[in-house]
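Please look over the model shown here. The report that follows takes up a few of its features in turn.

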2 protein chains.
Amino acid sequence: MTNPDGTVAPGALMAAEVAEQPTVLARLIAEGVDEIAAVRAHIEAYRPRFVLIAARGTSDHAALYAKYLAEVGLQLPAGLASPSTLTVYGARPDLSEVLFLAVSQSGGSPDLVGSVEAARACGALTVAVTNNPSSPLAAAAAHHVDIRAGLELAVAATKTYTAELLALYLLLCGGDADAVPDAAARTLAFGPQAYAAAERYRFTQRLVTTARGFSYPTAREAALKVMETSYLSAQAFSGADLLHGPLAMVDPDLPVIAIVTPGAGGAAMAPVVARLAESGANVLLVGPDGGLPVASAGIAEELLPILEILPLQQLAWRLALDRGGDPDRPRGLSKVTETW
Amino acid sequence: MTNPDGTVAPGALMAAEVAEQPTVLARLIAEGVDEIAAVRAHIEAYRPRFVLIAARGTSDHAALYAKYLAEVGLQLPAGLASPSTLTVYGARPDLSEVLFLAVSQSGGSPDLVGSVEAARACGALTVAVTNNPSSPLAAAAAHHVDIRAGLELAVAATKTYTAELLALYLLLCGGDADAVPDAAARTLAFGPQAYAAAERYRFTQRLVTTARGFSYPTAREAALKVMETSYLSAQAFSGADLLHGPLAMVDPDLPVIAIVTPGAGGAAMAPVVARLAESGANVLLVGPDGGLPVASAGIAEELLPILEILPLQQLAWRLALDRGGDPDRPRGLSKVTETW
């Protein structure tokens, strides 16, 4: 997609990085598994009683995924850290027996570095998951996991998100994810269906995404992706929370994307999908039986988020181009965001 | 606002409940303080190491407030519980030394009751904060705090939200909140300014709210309030997260409400307000120096959320009426939402 004059076509970077994901995931398994197992052994030896996870932006959705892995997989209570309590308010809690995970593509955000330093000083075992082993965040944490996604050039994060998810799965669950790269390739091959679905949203300013359990981070990340590439007001709700208030605004003019994949989370969406149908909402399903298929056969529920986001990345990319934008360079954003 | 034929004018219930808040807050302090101190003594004797808080809808924003209180006030790590991990996925973590707080107006949502029962069986100290001492949630928890807000009839929660905030402050911080009811009355007296501000949003379909720290729950609750009464796509962002992606969609056509009140959270909003100004956004400030004043003089930062939401409730009420809706009875919602 390089033009004859050397410029790059709009969206070419994001398209290449979306397509690269099966390779990135396979590389992380092939090259990263020993490093991750070593960090995992440190965590097991530490015997944490609680898990806190800190992140911003897209990585915050990987953090939410890690929260479900900690609670369901490790059977540990877990929370998303509010970086501001450590950095803005200077809280210094006793964090002994706490595993403090920080997730960041760049490893460069000062408030994350500050919260890891504070957590370490408070007694936590600190682990950073980043795409940059020489980042300040990697240096601040006791242990580092490199997601090995290669340089990400598009401002909208794609391959670093799925690589973060896989790294967190390997770190916290230690299971076998060998089937995931092929399943990712098979899911991406359904791309034309995602591009066709983008047609429907050409003129909407609003969108709702919803899911439950392990798929809820997918709903959050999909909403951010269309927000930052196509400037939609896209809102993500857990299926349960949607019924507590926000359902009032859902009408036939407000499109809904629901992620309903095999497993307990997808099953818990049944009453939500029924209520959406009653309200006359226009619903696009993501899942093996839905409008946007996911090659989920043989993949454990906790690994499905790595696949579910793929058609939604394709949809966000296509929609941004259809609306005349450049998903590689959303207005007002830079690749590394510094917040304090 | 009762009509001659006995019917109630649209919004009359919500208007009465918004206006009642100084009385409700004063009653909670006068009648509830001993009960709350007794539960607080149980918590202190238990010496928790970690706090988990479970809630849905409006109460979820009170839960987020409690998370900041736990982290900054109690200096304990805290997390928002994902009810689905206990109820949908059947996780059974070791919750000894964990304080498990459940916050609910009705005390009736089955998934909250289920998560309190599961947390109690897993060894947590369970405390329910509700407006109904005879609710299943109050029965399920080891201890109960009654917010004494009186029957709430409007579907959009107002007085139960501020009463939950005050109860949580008294429970977790034990400080003096005696000045709050008067400050609430003085803040509500600025109502005409909130009604005038509602004019600006008569025809928008979208809105962004933003804040940091203790005020972030205010941004979340304000967004939900306009979502459920006026069916806007209203999105709340922590000021830091706004800079990580969502800023791309902010332009002069997307109105922003920023809560900037005295204290560290408001001070941390300075760079966010500056970036919003650069992007040409239309920003309405809530705070002592803003378009929507808050009678914050002499009130500690951690108590300001009880005041900040008041002009935003007034704005949501006025906007719903202006748009031809009935904020007492949003379409598609009932007062008690049952989710599993």
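B:P48 sits in the loop between α2 and β1 (50-54) of chain B. Helices (H or I, at least four residues) and strands (E, at least two) are DSSP runs, numbered from the N terminus. This is a predicted model, where local features need pLDDT of at least 70, side-chain atom pairs count only at pLDDT 80 or more, and totals for chains, interfaces and linings use all residues. Residues are numbered from 1 along each chain as its sequence is written, chains are lettered from A and ligands numbered from 1 in the order in which they are written, and side-chain values use heavy atoms, with hydrogens and water left out.

B:P48 has a relative accessible area of 13%, so B:P48 is buried. Buried means under 20% relative accessible area, exposed over 50%, and partly exposed in between (1.4 Å probe, protein chains only). Beyond its neighbours within four places in sequence, B:P48 is in contact with B:I43, B:L76, B:E97 and B:L99. Contact means heavy atoms within 4.5 Å.

Helix α1 (residues 12-19) of chain B also holds buried residues: B:A12, B:M14, B:E17 and B:V18. Their cover includes α2 (21-46), α7 (159-172), α8 (180-188), α10 (216-230) and α14 (304-322) of chain B.

Now to chain A. A:A121 belongs to helix α5 (residues 110-121). Is A:A121 buried or exposed? Its relative accessibility is 70%, so A:A121 counts as exposed.

Two C-alpha separations can be set side by side.

| Pair | Apart in sequence | C-alpha to C-alpha |
|---|---|---|
| A:A121 and A:Y65 | 56 residues | 26 Å |
| B:P48 and B:R202 | 154 residues | 48 Å |

Helix α8 (residues 180-188) and helix α14 (residues 304-322) of chain A pack at about 30 degrees, their axes 9 Å apart. Axes are lines fitted to C-alpha atoms, for helices over the stretch in contact, and angles run from 0 to 180 degrees between N-to-C directions. That angle makes α8(A) roughly parallel to α14(A). On the α8(A) side, A:V180, A:A183, A:A184, A:T187 and A:L188 take part; they meet A:I306, A:L307, A:L310, A:P311 and A:Q314 in α14(A). Eight of the contact residues are nonpolar, two are polar and none is charged.

How do the chains relate?

Note on methods:
Angles under 35 degrees count as roughly parallel, over 145 as roughly antiparallel, 65 to 115 as roughly perpendicular and the rest as oblique. Ala, Val, Leu, Ile, Met, Phe, Trp, Tyr, Cys and Pro count as nonpolar, Asp, Glu, Lys and Arg as charged, and the others, Gly among them, as polar.
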